[in-house]
Amino acid sequence: MTALSVTLSRVAGRPTLWIAGTVLGAIVLVSLCAPLIVSADPLRLNPMQRMLPPSFEHPFGTDMLGRDVFARTLYGGRLSLMIGISVATMVTVIGLFFGLLAGFVRWTDIIIMRIVDGLQAIPAILLAIAIAAIAGGGVFSVIFAITVAEVPLVVRLVRSVVLTLRGQLFIEAARAVGTPTHRIMTRHIIPNTVGALVVQATYICGISILFEAYLSFLGAGIPPEIPSWGNIMAEGRNIVMLAPWTILCPGIFVALVVLSFNELGDGLQDFLDPRTARHL
């Protein structure tokens, strides 16, 4: 109970963490419950109601094809959040594996890091665009493209943490008593990477949503008939002077989600990093 009360008091001392969690939870909830919240079909065309301003009937207005922007924003949030979470999960797992391998098994370090150097020689967004263009449009192509572009960051992060810990006395002591390498990794190395990985994963989740928007703007992302925050804004760029709400409304959702993920990551680091937990 003491540890729980201390943890709750630390959370209460960071109101921005509460706000970020509440905002993110609310956006996830309304996106998942989109069919229950809106009655409009996000794919239904209505040329007679093109570019209507926000109103009671259409809270976010309509786009150039008469589709309800509010419905498209809520339904698009499901796909955008799924892409962000999927990419963050895949990047974390892949980056953790190769980062541990590079940092703890010396002969693999040169091979893995040269591949990472080659990937990082190309800007992440350009690499994602090239992979998405080669793989073709679609949800899985976008996820794969962003994952490949973001994995090198996590590999470098985990490798740096492992190299720092490898020479610590408690690791040397574990080796001296004959502790197997896999047990050293699971009991000592991985727990000390959790805090940094959580922060990086939340950053990747937010940046993946932005990358999906970039790809959609360039025509290499999600097909236009499937609503996502990225392609809603991509379609709205042609009429932004006549109907700014087509970009503004989904753009606000993107900004709130990215800010919330970043703040949530900073807060979670305090609770998941073993070095910080010792001070509780």
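**Salt bridges in close-up**

**View 1. R156 and D117 meet through their side chains in a salt bridge, with N and O 2.1 Å apart.** This is a predicted model, so please read the contacts here as features of a prediction. R156 belongs to helix α7 and D117 to helix α5, so the pair ties together parts that lie 39 residues apart in sequence. R156 is partly exposed, at 33% relative accessibility. D117 is also partly exposed, with a relative accessible area of 28%.

**View 2. D117 forms a salt bridge with R114.** Here the closest N and O atoms are 2.7 Å apart. Both residues sit in helix α5, three residues from each other, so about one helical turn separates them. R114 counts as partly exposed, with 49% relative accessibility.

**View 3. D109 and R159 join their side chains in a salt bridge.** The N to O distance is 2.7 Å. D109 lies in helix α5 (residues 106–120) and R159 in helix α7 (residues 139–166), so this pair ties together parts 50 residues apart in sequence. Is D109 buried or exposed? At 16% relative accessibility, D109 counts as buried, because the cut-off for buried is under 20%.

**View 4. D63, R67, R72 and E235 belong to one salt-bridge network.** Salt bridges that share partners link these four residues together.

Methods. Residues are numbered from 1 along each chain as its sequence is written. This is a predicted model: local features need pLDDT of at least 70, side-chain atom pairs count only at pLDDT 80 or more; totals for chains, interfaces and linings use all residues. Side-chain values use heavy atoms; hydrogens and water are left out. Helices (H or I, at least four residues) and strands (E, at least two) are DSSP runs, numbered from the N terminus. Buried means under 20% relative accessible area, exposed over 50%, partly exposed in between (1.4 Å probe, protein chains only).
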